[in-house]
Amino acid sequence: GTTTAPAPPAFGPLSIPGFGLGLALAYFVGAKLRWLPAGQYVAFGTDPVEHFRSMALPTISLAAGEIALYMRLLRSDMIATLQESYMKTARSKGLSTRRILWHHAFRPSSLTLLTFAGLNMGTLVGSAVVVETVFSLPGLGTEIYNAIIGQQYVALQSYVALIAAGYGTINFGVDSIYAALAPRIRQVGGRPWLDERTASALDP
């Protein structure tokens, strides 16, 4: 069937970098409107409610663009999956739309989403360096920033090695759960085999 164009409010954040959105939120929502604190981190053990309030703006800054990207990827894959022949078979058996979407369409459609989520961790860490600095958060991004400013190269190398190890672990986990999400993926000669549509979707 035909599909309508995606709504600009849903995909607009794709064009806004995380640090740019963070600066805008810190200025308008934090400084001008004073709806949420900006640059006033509160530890969870000190005050759980204020902790979540202090983390709201940084979380939105990092997640807005990612959510828009994942929505777009999942939407396009869901459309392609629903046009497969086995979807017509499921409908002919009288299965409910809810069951078709969640049990037959969502899992194979989430492959591209899962892959991009794993590969995008590096970009997320890069954005976190600036966002944590903007909101004065005590995190890995702030430590990397301080190491760069203070020319602490040994510490910086340690942080980069830690990020690389985490990145590799996450992507190893992504590869490990492919078969659970889509049984059409199997191991051939020690390497994952993907059908033609999935391989073309993952091809850069």
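Modeller: Along the sequence, the protein runs α-α-α-α-α-α-α-α-α-α-β-β-α. That comes to 11 helices and 2 strands, where helices (H or I, at least four residues) and strands (E, at least two) are DSSP runs numbered from the N terminus. The model is predicted, so local features need pLDDT of at least 70 and side-chain atom pairs count only at pLDDT 80 or more, while totals for chains, interfaces and linings use all residues. Residues are numbered from 1 along each chain as its sequence is written, and side-chain values use heavy atoms, with hydrogens and water left out.

Two figures give the background. Of the 204 residues, 27% count as buried; buried means under 20% relative accessible area, exposed over 50%, and partly exposed in between, with a 1.4 Å probe and protein chains only. Among contacts (heavy atoms within 4.5 Å) with a separation of 6 or more, 61% are between residues 24 or more positions apart.

Now to helix H5, residues 97-109. Helix H3 (residues 48-82) packs against H5 at an angle of about 120°, and their axes are 9 Å apart. Axes here are lines fitted to C-alpha atoms, for helices over the stretch in contact, and angles run from 0 to 180 degrees between N-to-C directions. H3 and H5 are therefore oblique to each other: angles under 35 degrees count as roughly parallel, over 145 as roughly antiparallel, 65 to 115 as roughly perpendicular and the rest as oblique. The crossing of H3 and H5 is right-handed, a crossing being left-handed if the near helix is turned anticlockwise from the far one by less than a right angle, and right-handed if clockwise. On the H3 side, Leu-74, Asp-77, Met-78, Thr-81 and Leu-82 meet Leu-101, His-104, Ala-105, Phe-106, Pro-108 and Ser-109 of H5. The residues of this H3 and H5 contact are 7 nonpolar, 3 polar and 1 charged. In that scheme Ala, Val, Leu, Ile, Met, Phe, Trp, Tyr, Cys and Pro count as nonpolar, Asp, Glu, Lys and Arg as charged, and the others, Gly among them, as polar.

Helix H4 (residues 85-92) also packs with H5, at about 170° and with axes 11 Å apart. H4 is thus roughly antiparallel to H5. Here Tyr-86, Met-87, Ala-90 and Arg-91 in H4 meet Ile-100, His-104, Ala-105 and Pro-108 in H5, and the residues of this contact divide into 6 nonpolar, 1 polar and 1 charged.

The aromatic rings come next. Rings of Phe, Tyr and Trp (its six-membered ring) pair if their centres lie within 6.5 Å; planes under 30 degrees apart count as stacked, over 60 as edge-to-face and the rest as tilted. By this rule there are 3 aromatic pairs. One of them, Phe-44 with Phe-52, is edge-to-face, at 5.9 Å centre to centre and 85° between the planes. Trp-102 is exposed, at 52% relative accessibility, whereas Phe-106, at 29%, is partly exposed.

Elsewhere in H3 sits His-51, which is buried with a relative accessible area of 13%. Neighbours within four places in sequence aside, His-51 contacts Tyr-41, Val-42, Ala-43 and Phe-44.
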